[in-house]
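Please look over the sequence and the model shown here.

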2 protein chains.
Amino acid sequence: MFAFDDYIDSRRDRFIADLKDFVRQPSVAATGHGMAQMAALVRARLQALGARVQTVETGGAPILFAELGHGPRTLLIYNHYDVQPPDPIDLWTTPPFEPEVRDGKLYARGVSDNKGDLLGRIQAIEAWQNAIGELPLKIKWVIEGEEEIGSPHLAEFARAHAAELQADGCLWETGGKNEDDLFSLTLGLKGIQYVELRVRGNRRDLHSGYAAIAPSPVWRLIWALNTLKDEHDNITIDQYLDHVRAPSEAELAMLRAMPLDEAKKKAALGIDRFINDEHGLDVLTRFYYGPTVTICGLQAGYTGEGVKTVLPAYAFAKIDFRLVPDLTPELCVKLLRAHLDRRGFTDVEIVPLSSEQPARSAVDAPLVAACQAAAREVYGHEPVMIPLSPGSGPMYPLTTALHIPTVMAGVTYSGSRAHAPDENIRLDDYFEGLRFIGRLIMHFAEA
Amino acid sequence: MFAFDDYIDSRRDRFIADLKDFVRQPSVAATGHGMAQMAALVRARLQALGARVQTVETGGAPILFAELGHGPRTLLIYNHYDVQPPDPIDLWTTPPFEPEVRDGKLYARGVSDNKGDLLGRIQAIEAWQNAIGELPLKIKWVIEGEEEIGSPHLAEFARAHAAELQADGCLWETGGKNEDDLFSLTLGLKGIQYVELRVRGNRRDLHSGYAAIAPSPVWRLIWALNTLKDEHDNITIDQYLDHVRAPSEAELAMLRAMPLDEAKKKAALGIDRFINDEHGLDVLTRFYYGPTVTICGLQAGYTGEGVKTVLPAYAFAKIDFRLVPDLTPELCVKLLRAHLDRRGFTDVEIVPLSSEQPARSAVDAPLVAACQAAAREVYGHEPVMIPLSPGSGPMYPLTTALHIPTVMAGVTYSGSRAHAPDENIRLDDYFEGLRFIGRLIMHFAEA
């Protein structure tokens with residue numbers, strides 16, 4: 001790989017200039033600003049690699065589907081060319097679409113999420129082709145333009161193109177180094193079902209003197225919520241936990257190998273204790289394999305200063321269920337409805353607001369081994385293996401549903417500020433990321 | 001009483017003009033607007049009756065303490081000369097301090113709460129003196145100017161003047177006709193303890209992905225609240241119900257005699273059922289003798305439109321405990337604290353915001369009988385007897401604490417809109433009220 005690394009090193013300035021071009025082009029999915037220009041820019045870069053690029057219309061921003069290379073193995077890659085809105089603009093040190101390098105970091109909207117990874121992969125392929133020769137595997141590349149607005153058309157695209165998308169492994173959009181600056185590989189995502197529970201009682205707010213005889217929707221909500229989780233944070237929805245797939249031996253081994261500085265983690269989160277005062281493997285198992293029921297919002301009645309005596313007519317809770325395999329959003333809502341009905345809470349309305357499926361990759365897939373080998377060579381240590389990101393994303397329809405093992409890996413670090421002002425990546429991380437992609441191509445083609 | 005009634009009838013226009021003068025004078029305790037002028041107006045009217053009037057300084061608005069008449073019996077009267085702020089002024093049909101008669105009703109801020117009752121009692125005494133002669137009993141009259149801001153100095157006044165205040169019965173500030181237009185007598189008030197329960201967890205809001213390992217203050221609040229009341233609306237605070245004094249046989253007889261049109265009551269409240277689908281005597285017993293725990297407000301995290309996945313750092317509930325004898329506010333807070341601590345909810349902070357003691361009068365007191373006799377003669381029916389108003393007020397320190405039986409009776413009706421725009425009384429009710437006071441003086445002096 002000397003020639004590959006040498007090619008990269010000798011083109012460092014041009015690669016940074018290319019990256020600045022990528023992030024200088026706005027592409028805000030929420031507003032549509034610059035989307036067509038960005039798609040054209042990406043398409044041109046892919047075509048310059050010799051890829052055949054289809055522009056798949058979706059009704060929203062088009063999905064670019066590129067194919068290049070030849071070989072017995074096929075690598076699917078997923079990226080997106082859209083970015084979050086730059087607001088609040090006032091909090092940026094320099095304007096979000098005017099990239100600037102300071103202290104070895106490149107600041108711009110989208111550089112970490114995920115134009116750095118998108119262009120880095122293009123440049124790594126360019127380096128392979130020019131320094132080594134033809135790609136030793138086939139690459140299929142899906143690049144959508146609606147990730148930041150919830151990927152409303154990705155699942156439909158994946159279903160319609162299931163056969164064309166078949167691959168031996170998928171490299172997901174982004175990833176990078178953790179809080180200890182250790183390179184990490186993530187093998188899945190929790191799913192999510194977000195709902196509002198709503199209870200309407202009396203038809204208007206009443207004087208609280210009537211509370212002795214008029215039912216309160218607020219108490220109904222409290223009692224209903226209380227049946228969902230007990231005081232030890234166990235989820236108590238009927239049959240819910242029956243659908244949680246236990247971690248395999250290989251997955252548990254991954255957790256046992258994972259470092260956890262408990263004091264540091266608690267300090268970073270601003271908490272005094274973990275749930276149930278748990279430690280070590282219990283904490284890690286809950287964090288990565290545990291489903292959650294989180295009350296994100298709660299409101300009823302008068303919430304201003306001082307005293308108002310009122311029996312409110314309405315109460316609601318916003319609840320986020322993080323789902324692990326094999327808990328699907330549909331199952332979550334169905335079990336919740338049945339659980340509440342069985343206890344007489346037919347007056348508690350469930351309003352689903354958004355959802356994503358959980359996704360989980362096999363630990364022993366060839367892609368995982370290839371990523372680990374590449375990481376060892378580039379980063380000089382065993383990568384931290386994260387079985388299931390505690391966040392959620394559109395991974396399932398494109399990968400797990402098609403039985404394609406998937407790894408998240410990329411060029412971000414814990415200070416990257418994705419979605420926030422002063423989003424940035426470290427340029428040293430960026431070039432390590434290019435070397436990682438080169439080695440991944442090599443190891444995955446050989447595996 | 002013919003001469004008495006004749007005196008009133010012949011002075012109807014002058015009495016209404018006097019009432020307009022009373023309500024034309026603003027006296028807003030919350031802002032201080034017009035308070036000194038109103039106190040002077042009331043003092044002059046009392047002195048015109050021949051009363052000795054002390055102006056007792058409190059640090060806030062002064063309390064007027066008047067004494068007049070002679071006889072073996074003493075009647076204490078309580079009124080207040082302050083009113084609620086007139087806001088929102090835009091919603092008044094005519095300006096709040098420009099009294100106007102429309103359809104036999106006098107509209108003005110304070111006319112129902114409680115300047116109509118205050119002046120009506122003065123005019124009834126004038127009518128007695130001029131039509132019949134010397135008062136046959138002694139009257140002690142306490143008129144404060146801070147009722148609408150929670151009577152912050154009344155308890156201290158009552159303690160300091162306990163001996164001077166001794167009386168055989170107390171006529172409370174106001175009262176009147178119920179939704180069926182039946183005249184009612186009320187013999188007490190529920191007390192109140194209003195608190196905020198606050199739970200702080202993690203030091204800042206977290207990404208909800210961390211909910212698997214970071215304790216949630218919102219769930220802590222839900223679990224703590226759930227221990228306070230069960231799904232049948234029974235209060236489950238340890239030892240709480242031990243302090244609820246059961247209704248006496250005479251009080252239960254009062255409830256059995258009370259009319260209750262369930263369908264009409266439910267329609268008026270906008271509810272489909274009473275708590276636990278109860279009926280008849282169960283509903284009345286809960287309404288009048290039942291303590292309550294009402295969640296008046298509840299808030300945590302994100303409560304706007306759509307989805308925000310967050311583990312909130314803070315949650316709170318505003319709770320109104322309506323207290324029946326012998327549950328005092330102090331006992332309520334003490335039992336609540338002990339109950340929560342015993343269950344490990346030491347992290348749930350209790351912040352008391354305001355309180356009033358419950359007050360309850362003997363059913364068989366001479367004043368009750370005198371009021372009933374007067375009511376039968378004026379209204380032509382047995383008055384509806386209400387043991388304990390489901391609302392709260394400053395009755396306890398001036399009456400129950402001094403062992404003085406107390407009755408609420410007055411000139412309002414269900415459309416009086418106290419505290420709201422277009423506050424009003426019906427003038428026919430007003431003159432019935434004058435006749436009621438005349439007969440009450442007679443019956444109570446004779447009893």
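A:S151 sits in the loop that runs between strand 6 (138-144) and helix 5 (154-160) of chain A; helices (H or I, at least four residues) and strands (E, at least two) are DSSP runs, numbered from the N terminus. Although A:S151 is not a glycine, its phi is positive, about 50°. With a relative accessibility of 8%, A:S151 counts as buried, where buried means under 20% relative accessible area, exposed over 50% and partly exposed in between (1.4 Å probe, protein chains only).

The model is predicted, with local features needing pLDDT of at least 70 and side-chain atom pairs counting only at pLDDT 80 or more, while totals for chains, interfaces and linings use all residues. Residues are numbered from 1 along each chain as its sequence is written, chains are lettered from A and ligands numbered from 1 in the order in which they are written, and side-chain values use heavy atoms, with hydrogens and water left out.

Chain A as a whole contains 14 helices and 19 strands. Its radius of gyration is 24 Å, close to the 22 Å that the globule rule gives for 447 residues, so chain A is as compact as a globular protein of that length; the radius is taken over C-alpha atoms, and the rule is 2.2 Å times the number of residues to the power 0.38. Along the principal axes, the C-alpha atoms of chain A fill a box of roughly 80 × 50 × 45 Å. Of the 447 residues of chain A, 61% count as buried. Among contacts in chain A with a separation of 6 or more, 80% are between residues 24 or more positions apart, a contact being heavy atoms within 4.5 Å.

Helix 10 (residues 280-289) of chain A gives a local view of burial: A:V283, A:L284, A:R286, A:F287, A:Y288 and A:Y289 are buried there. The cover over these buried residues includes helix 8 (249-256), strand 16 (359-360) and strand 17 (384-386) of chain A.

Next comes the interface. The size of an interface is often given as the accessible area lost when the parts come together. Chain B and chain A bury about 6,100 Å² between them, with 61% of it on carbon and sulfur atoms; buried area is the accessible area (1.4 Å probe) that two parts lose on being put together, summed over both. B:I213, B:W219 and B:W223 supply 13% of the area that chain B buries against chain A, more than any other three residues. The contact takes 72 residues from each of the two chains, B and A.

In chain B, B:V83 is placed in the loop between strand 3 (74-80) and strand 4 (100-102). B:V83 has 0% relative accessibility and so counts as buried. Leaving out residues up to four places away in sequence, B:V83 touches B:S27, B:V28, B:A29, B:F97, B:R109, B:G110, B:D113, B:K115 and B:E148.

One of these neighbours, B:D113, is joined to B:N114 by a cis peptide bond with omega about -10°. B:N114 belongs to helix 4 (residues 111-131) of chain B. In chain A, the peptide bond from A:D113 to A:N114 is cis, with omega near -15°, and A:N114 is found in helix 4 (residues 111-131) of chain A.

B:D233 is not a glycine, yet has a positive phi of about 65°. B:D233 lies in the loop between helix 7 (217-226) and helix 8 (249-256) of chain B, and at 13% relative accessibility B:D233 counts as buried.
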